[in-house]
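Subject: The model you asked about

Hi there,

Here is the structure to open alongside this message.

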Amino acid sequence: MKEHAVLVVGATSSIVRAIAVQMAQQGASLHLAARDAQEVERIAQDLSIRYQVPVSWSLVEACEYELHADLVQKAQTSMGHLDGVVIGLGELGDQQQAQVDFTHAQRIIHSNYTGVASILTHAANHLEQQGRGFIIAISSVAGDRGRQSNYVYGSAKGALSLFLQGLRNRLAKSGVHVLTVKPGFVNTKMTFGKPGLFLVADPEDVATAVLKAWRQQKNIVYTPWFWWGIMTIIRSIPEGIFKKMNL
Amino acid sequence: MSQPGLPTLDASLCGWGRYPVIQGTVQRPEKASSFAKLIENDPGETLLAQGSARSYGDAAINSKGYTILTERMNRMLSFDEQTGRLRAEAGVTMQEVLETFVPRGWFPAVTPGTKYITLGGAVAFDVHGKNHHQDGAFSRHLHSLKILLASGDIVDCSAQHNPDLFWATVGGMGLTGIIQEVEFSLRRIETAYINSISIKAQNLYEAVSLFDKYESQYQYSVAWIDCLASGKHLGRSLMSFGNHASLEQLSPGRRVKPLQITHKKRVKIPFDFPAQLLNRYTMGCFNQAYFARQRAQEVQSVVDYDTFFYPLDFLQAWNRLYGKRGFVQYQCVFPLETSQSALVQMLQLCSQAGRGSFLAVLKRLGPQEGWLSFPMEGYTLALDMPVQPGLWKFLDRLDRLTIEFGGRVYLAKDARLGSDAFRAMYRDYPKWLAVKSRVDPDNRFTSNLAQRLQIEPVHERVGV
Ligand SMILES: Cc1cc2nc3c(=O)[nH]c(=O)nc-3n(C[C@H](O)[C@H](O)[C@H](O)COP(=O)(O)OP(=O)(O)OC[C@H]3O[C@@H](n4cnc5c(N)ncnc54)[C@H](O)[C@@H]3O)c2cc1C
Ligand SMILES: NC(=O)c1ccc[n+]([C@@H]2O[C@H](COP(=O)([O-])OP(=O)(O)OC[C@H]3O[C@@H](n4cnc5c(N)ncnc54)[C@H](OP(=O)(O)O)[C@@H]3O)[C@@H](O)[C@H]2O)c1
């Protein structure tokens, strides 16, 4: 990890922050990006005090596509080079509202999918040209099958998973590793207080699993691991039966 | 216009002693921006900050409104390598401070007997360590605070700037506002080890004279006292004194990496022990064995800081040892003049009633700092007791004795003191209350402890 220079997008997420912590602990330099200036600055200070590594930051908004090339450029300039990207932008949104108000649905799609796809387009081109590097992107188990309770969010995550799959296929030729992370329920501000959660994991444990999968050059990681089993079962239910279920 | 507040969650809440357990509603800010809106989002609701819930009773829980979990507010914001001054969010734990700074040669100037507390909790109870007689409480090393007040404003305060608010928040049990940031000093250390001696004292008089003898020589001191021993062994103790070890005092092996220690694996208590397991007989056996373990009168050793300061932290969830009904700690302090006679009477009462505790702790304290800070120049005794029939009556008796001898009870450990006894023990309470009434006239900040002790703002009457 030493000498690695990593762009961390969505750094105000506690999952992403926990990943940044473990990378900094191992000596990586970081460039953090998020939309909340006050918070991303505080997190940058925290990481540089605790782990004594260079940490810089800048602002990013998922749907300001025209600024995304600039973000990748800035990361590179401030760290000197760029070895990889961690990206965890996302928003759960409100499914009920998304059904009646498409602007809300659109926001969910932007922050989970199109915004991420846009940033990764610039990052991928840079890493491909360089001929090495990595991309770690947080999708979700929700993207594995559409369900009535969250299919707008799920469809955006599903699209992201497919985008990453294609990107992996393309970048494998130039030695760039693409890791798709599919968390189950994680104890963060996104889920706090929500009903119906079970088997909730801590962000730190998710981060540990992500770093391990990254070191092992895995393509897709479910975290905690047993979500792989849960999703395999859920995916295997025939659509004719599934559509009558209340999931 | 108020915005929709943070999401809420209904939960059972309790302190370390697991008595009392209440139903409450929690919120958990994760960012400075959501923290700043806690007041305006829910006008009219009462709030209370909770750190790591390492206080024993009902100080960190609020059944009348929201309990605000501060655990995710844990960013370190600035550190001065020259002076050792750290500014951090209140949810940073002592453990995080140790892990970050011990390897760089810094140590918290004051630490309590567990490292799993937050900086907010350290300020709100103005915690003391084994070095109170020399270095004072946490507040002595505290430079400034940032606090969210009932007005919704976030203000800075220190002993120079806004001193009233500062001194009311030190030891103020979360009742003046929610601390967002804490700025305090660490001290320089050469090694992560403590040069310690452990001495047997046959009875209370010997223990007290050993404290006197070694007071100035050792920065840290504490005694584990067998409160089931009686007669000529009343107050039999195992005393421990220590100083930060210098490089020369380490073995050649440890000198290679003097600031690194190997963390021992923690053992977890997997379930609630049956309450009957803790009785006079088993505790007597345990204490007997504990004191017999050290054969020699005096043993010198160099131990890592974890072993010296946080022996109980190796046992994860050790509060389960006391069974489902929970336990309380009775910690009191007596002024120097009355300490000896008060301690003798208290130990006699315990020994007669057979209400000892596994290991009671005896310590010498220095002068008081904040208005509601617990320490006073004298001796403090701490006894753990499982909640059992007859316990409250017994503790009421101890209260009367404490008041009679001019002492007080530590509210961080308390779950049952009465409001009159509280007022008799904390003489500066009116001074504190004047500030509370000014900064929180509508009592937005309250806890179950505050409700039990009838701590609430008073409104001065205008005119006659
Ligand atoms: C094993 C053990 C050993 C101990 N040894 C000692 C000792 O040697 N010396 C000593 O002094 N104490 C000792 N204690 C007590 C402990 O240090 C105090 O109770 C401390 O306050 C606990 O900190 P916490 O973060 O868990 O706070 P909590 O228990 O969660 O809260 C304690 C109080 O602080 C307030 N508070 C917490 N965070 C904030 C905030 N951000 N803003 C405003 N108010 C806040 C709460 O409202 C509450 O009133 C010990 C406790 C245990 C379990
Ligand atoms: N928590 C779970 O159970 C769970 C499960 C599966 C997948 N995930 C995924 O894990 C990732 C991290 O989520 P989390 O749980 O840690 O929640 P989170 O704290 O809400 O993290 C989401 C991150 O995305 C940012 N963001 C959202 N919309 C944005 C926009 N339009 N422009 C810029 N930034 C935006 C957020 O910024 P702000 O801090 O400013 O809001 C935050 O940094 C997300 O992709 C989420 O979908 C979470």
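**Around ligand 1**

By class, the shell around ligand 1 is made up of 19 nonpolar, 13 polar and two charged residues. Here Ala, Val, Leu, Ile, Met, Phe, Trp, Tyr, Cys and Pro count as nonpolar, Asp, Glu, Lys and Arg as charged, and the others, Gly among them, as polar.

Before going further, please note that this is a predicted model, in which local features need pLDDT of at least 70 and side-chain atom pairs count only at pLDDT 80 or more, while totals for chains, interfaces and linings use all residues. Residues are numbered from 1 along each chain as its sequence is written, chains are lettered from A and ligands numbered from 1 in the order in which they are written, and side-chain values use heavy atoms, with hydrogens and water left out.

Of the 34 residues around ligand 1, the nearest are B:Ala49, B:Gly51, B:Arg54, B:Ser55 and B:Thr118 (a residue is near a molecule or strand if one of its heavy atoms lies within 4 Å of it). Strand E3, helix H4 (119-124) and strand E10 (178-188) of chain B each give at least two residues to this shell; helices (H or I, at least four residues) and strands (E, at least two) are DSSP runs, numbered from the N terminus.

A polar backbone atom of B:Gly121 is 2.9 Å from an oxygen atom of ligand 1. For B:His128, a polar backbone atom is 2.8 Å from a nitrogen atom of the ligand, and B:Ile179 also has a polar backbone atom 2.8 Å from a ligand nitrogen. Taken alone, ligand 1 exposes 960 Å², of which the protein buries 96% (accessible areas come from the Shrake-Rupley method with a 1.4 Å probe; for residues, only the protein chains shown count as cover).

**Around ligand 2**

Which chains surround ligand 2? Residues from chains A and B do, so the site is shared between chains.

From chain A, a polar side-chain atom of A:Thr12 lies 2.7 Å from an oxygen atom of ligand 2, and a backbone N or O atom of A:Gly10 lies 3.3 Å from a ligand oxygen. From chain B, an N or O atom in the side chain of B:Lys31 is 2.7 Å from an oxygen atom of the ligand. On its own, ligand 2 has 880 Å² of accessible area, and the protein covers 94% of it.

**A loop residue in chain A**

A:Ser140 sits in the loop between strand E5 (133-138) and helix H6 of chain A. At 8% relative accessibility, A:Ser140 counts as buried (under 20% relative accessible area is buried, over 50% exposed, and in between partly exposed, with a 1.4 Å probe and protein chains only). Its side chain reaches the backbone nitrogen of A:Ala142 at 2.9 Å. Leaving aside neighbours within four places in sequence, A:Ser140 is in contact (heavy atoms within 4.5 Å) with A:Tyr153, A:Lys157, A:Val181, A:Lys182 and A:Pro183.

Best wishes

Terms used: A polar contact is a pair of N or O atoms within 3.5 Å; within protein, one must be able to donate a hydrogen and the other to accept it, and residues adjacent in sequence count only if both atoms are side-chain atoms.
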